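Visitor: Hi, I'd like to go through this structure with you. Can we start with the charged side chains?
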Amino acid sequence: MMRSLSLLLLVALTVLGGSTEGNERHEQAKREFLSRSKRRWVLNTIELEEEMDVKYPYKITKMHNLRTVGTEYEFEIKGAGVKGVFSINETSGEVYVHRRLDREKTPSYELTFDILDKKTRKTIDRDLSFDVNVKDINDNPPMFTNQFQKSYDVKENTKEGDYLPVPLTVEDIDQEGTINSTVVVTVAKQSPAVPKIGVKKVNDKLHQLVTEGCFDYDVGLNLLK
Ligand SMILES: *[C@@H]1O[C@H](CO)[C@@H](O)[C@H](O)[C@H]1NC(C)=O
Ligand SMILES: *[C@@H]1O[C@H](CO)[C@@H](O)[C@H](O)[C@H]1NC(C)=O
């Protein structure tokens, strides 16, 4: 037989912060940069943190090309999603970002740089493509993704350690597999105080409520509403 037991549970989420983890794509970009720079293009590494609190447009790097000697040249920048976000000063080679980046929308950009002869409009050198990785910051709060019912029925014979039929699915869209998307779910407050309710992590996406004491029938009756 099932008895309805009304539990008011407030669940609070805590997110751990701070850590330093390598970024493979970034390393790959760096290697590419090194090998390409042995040719005629020179640029500084580009890695940008998302949501940078700076004055825009913001200078991020400067391009040089060693084949420009004695020519009137101009730089160009292109790539998917680059327009309005990145620009290059066509004479100085300074590269600017024009607005805050959001890693959760666009985690990386591929920029392609060209250098053209001003008169003939022909390219002076092979173009240079380069990945810009947007570095994650912990800017997204974790969120429950399931709907909660007002009340859940719990079997009277629920024993200590049993799962309660209350799924808690949580999502944090910051970078997967890092501390910034790590979520800790705890019960912040419960009423009534017994039996004690805890939270168990089932997997990265799912937590479940669990009893840490016994549902006492007599006490249970008192809880009936
Ligand atoms: C590009 O750089 C040159 C040289 O630093 C500067 O004189 C010029 O004003 C810049 N152009 C723009 C559009 O900012
Ligand atoms: C997480 O976020 C913090 C600041 O919000 C940032 O400094 C850090 O680099 C991010 N990434 C990792 C893997 O910790």
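Guide: A salt bridge is a side-chain nitrogen of Lys or Arg within 4 Å of a carboxyl oxygen of Asp or Glu. This is a predicted model, in which local features need pLDDT of at least 70, side-chain atom pairs count only at pLDDT 80 or more, and totals for chains, interfaces and linings use all residues. Residues are numbered from 1 along each chain as its sequence is written, chains are lettered from A and ligands numbered from 1 in the order in which they are written, and side-chain values use heavy atoms, with hydrogens and water left out.

Visitor: How many salt bridges does the structure hold?
Guide: There are 12 salt bridges. One joins the side chains of R103 and E104, at 3.1 Å from N to O.

Visitor: Is R103 buried or exposed?
Guide: Buried means under 20% relative accessible area, exposed over 50%, and partly exposed in between (1.4 Å probe, protein chains only). R103 has 13%, so it counts as buried. E104 has 22%, so it is partly exposed.

Visitor: And what about K159 and D162?
Guide: Their side chains form a salt bridge too, at 4.0 Å from N to O. K159 is exposed at 53%. D162 is partly exposed at 26%.

Visitor: Which residues are linked in a network of salt bridges?
Guide: E51, D53 and R100 are.

Visitor: New topic. How many residues does the largest nonpolar core have?
Guide: It has 25 residues. A nonpolar core is a set of buried Ala, Val, Leu, Ile, Met, Phe, Trp, Tyr and Cys residues joined through side-chain atoms within 4.5 Å. L48, M63, F86, L111 and F113 have the most contacts inside this core.

Visitor: What does L111 touch?
Guide: Contact means heavy atoms within 4.5 Å. Leaving out residues up to four places away in sequence, L111 touches I46, I77, K78, V82, F86, L128, S129, F130 and V132. Apart from this core lies another, of 10 residues, including L164 and V185.

Visitor: Now the strands. What order does the open sheet of 3 strands have?
Guide: The order is β5-β9-β8, with antiparallel pairing. Strands (E, at least two residues) are DSSP runs, numbered from the N terminus. Two strands pair if DSSP finds at least two bridges between them.

Visitor: Which strands stand at the edges?
Guide: β5 (58–62) and β8 do. Each has a single partner strand, so one side of each is left without a neighbour in the sheet.

Visitor: Over how many bridges do β8 and β9 pair?
Guide: They pair over 3 bridges, in the antiparallel sense. S87 stands opposite Y96 in β9.

Methods. Helix = DSSP H or I, 4+ residues; strand = E, 2+ residues; numbered from the N terminus.
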